[in-house]
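Trainee: Could we go through this one together, slowly, before I write up my notes?
Mentor: Gladly, open it up and ask whatever comes to mind.

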Amino acid sequence: VLRRVGAGAAEWLAPGGHLVVETSRGQADALCAMLAGLGLEPTVVRDDDLDATAVTARRPA
């Protein structure tokens, strides 16, 4: 599902727009690699207090 969402986001996000996906720590690196391969600029965001991990991916302007 995330591959389809990422591929679509690379096309429908406005330049400078962001996609945010909550994921597990174990999947964050693979998700970043996939999104980078689609031309997006991913960043991992972690909140230890909530034990939460998300990946944001920005479409370059």
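Trainee: Which residue takes a positive phi in the hairpin of strand 2 and strand 3?
Mentor: That is Asp51, whose phi is near 50 degrees, and the hairpin has four residues between the strands. Please keep in mind as we go that this is a predicted model.

Trainee: Okay, and how many bridges join strand 2 to strand 3?
Mentor: Seven bridges join them, and the two strands run antiparallel, with strand 3 covering residues 52-58.

Trainee: Switching to the helices, which residues of helix 2 are buried?
Mentor: In helix 2, which spans residues 25-37, the buried ones are Ala28, Leu31, Cys32 and Leu35.

Trainee: And what do those buried residues pack against?
Mentor: The buried residues of helix 2 pack against helix 1 and also against strand 1, strand 2 and strand 3. After helix 2 comes Gly39, which has a positive phi near 95 degrees.

Trainee: Which residues make up the largest nonpolar core?
Mentor: There are eleven residues in it, among them Ala9, Leu13, Val21, Leu40 and Val55. Strand 1, helix 2 and strand 3 are the elements that give two or more residues to this core, and helix 2 gives the most, with four residues.

Trainee: You mentioned Leu40, so what is Leu40 in contact with, leaving aside its neighbours within four places in sequence?
Mentor: Leu40 is in contact with Gly6, Ala9, Ala10, Leu13, Leu35, Ala57, Arg58 and Arg59.

Trainee: One last thing, is Gly8 buried or exposed?
Mentor: Gly8, which lies in helix 1 (residues 2-12), counts as buried because its relative accessible area is 18%, and buried means under 20%.

Trainee: How far apart are Gly8 and Leu38 in space?
Mentor: From C-alpha to C-alpha they are 9.6 Å apart, although 30 residues separate them in sequence.

Note on methods:
Residues numbered from 1 in each chain as written. Predicted model: local features only at pLDDT ≥ 70, side-chain atom pairs only at ≥ 80, totals over all residues. Heavy atoms only, no water. Buried < 20%, exposed > 50% of the residue type's maximum accessible area, 1.4 Å probe, protein only. Pairing = 2+ DSSP bridges. Contact = heavy atoms within 4.5 Å. Core = buried A, V, L, I, M, F, W, Y, C linked by side-chain atoms within 4.5 Å.
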